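Please read it alongside the structure shown here.

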Amino acid sequence: MGKIYVFDHPLIQHKLTYIRDVSTGTKQFRELVDEVGSLMAFEITRDLSLEDVTVNTPVGPSTSKVIAGKKLGLIPILRAGLGMMDGILKLMPNVRVGHVGLYRDPDTFEPHEYYIKLPKDIEERDLIVMDPMLATGGSAVAAIDALKQRGASNMKLMCLIAAPEGVGEVQKAHPDVDIYLAALDEKLDEKGYIVPGLGDAGDRLFGTK
């Protein structure tokens, strides 16, 4: 069964409070999601392997550490996952990016794929799949399904906020995928929104309703 990591770092929790706040405007909301994405990236990449290299400092040679040739990939689930992408790219600007486009039927809550574009060597990469909200779990499961169908085998799921129902669905469908969260909330309401959550992340990121 995949592990669940809930980050309790004070900076993440502080910024998440203002992300939740209904009075936070679009500009600040985007900036905060971007910042939390960066902070979460520190934790989600903690297990990257290192190797020794020798460099010359102004004083003399130094044996130092670099990431050991790991091939990484970022996969934002469109559209809200885009809000978390730039924060990670600031730390790892050379990482390859793919996109999975899904929309959720407002009546059945079922996800439907409408777009997918991935790096050609997707099967060789360790992937970070990103979506701010893990609610019913349908979109995350569908995105991971789509990636596995195209050869991906090593993935982590990174979300700001999750409901227990969504976590359970991902664990049931993909027990090999670890889940990284800034918060695990109480439940889903009758409309499939996370309670207390933050509302619709896509609408708040892009100023739409």
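Predicted model: local features only at pLDDT ≥ 70, side-chain atom pairs only at ≥ 80, totals over all residues.

1. Three aromatic pairs are present in the structure. In one of them, Phe7 and Tyr180 adopt a tilted arrangement, with 6.0 Å centre to centre and 45° between the planes. Phe7 belongs to the loop between strand S1 (4-6) and helix H1 (10-20), while Tyr180 belongs to strand S11 (residues 178-184), so this pair ties together parts that are 173 residues apart in sequence.

2. Both Phe7 and Tyr180 are buried.

3. Tyr103 is in strand S6 (residues 99-104) and Tyr114 in strand S7 (residues 111-117), eleven residues apart. Tyr103 has 45% relative accessibility and therefore counts as partly exposed; Tyr114, with a relative accessible area of 47%, is likewise partly exposed.

4. Helix H4 (residues 138-149) and helix H5 (residues 164-173) have axes that come within 8 Å and cross at roughly 25°. Because angles under 35 degrees count as roughly parallel, H4 is described as roughly parallel to H5. The crossing of H4 and H5 is right-handed.

5. In the contact between these helices, H4 contributes Ala140, Val141 and Ile144, which meet Glu169, Val170 and Ala173 of H5. The residues of the contact comprise five nonpolar and one charged, with no polar residue.

Methods: Residues numbered from 1 in each chain as written. Heavy atoms only, no water. Phe/Tyr/Trp six-rings, centres within 6.5 Å; stacked < 30°, edge-to-face > 60°. Helix = DSSP H or I, 4+ residues; strand = E, 2+ residues; numbered from the N terminus. Buried < 20%, exposed > 50% of the residue type's maximum accessible area, 1.4 Å probe, protein only. Axes fitted to C-alpha atoms, helices over the stretch in contact; angles between N-to-C directions. Parallel < 35°, antiparallel > 145°, perpendicular 65-115°, else oblique. Left-handed = near helix turned anticlockwise from the far one by under 90°. Contact = heavy atoms within 4.5 Å. Nonpolar A, V, L, I, M, F, W, Y, C, P; charged D, E, K, R; others polar.
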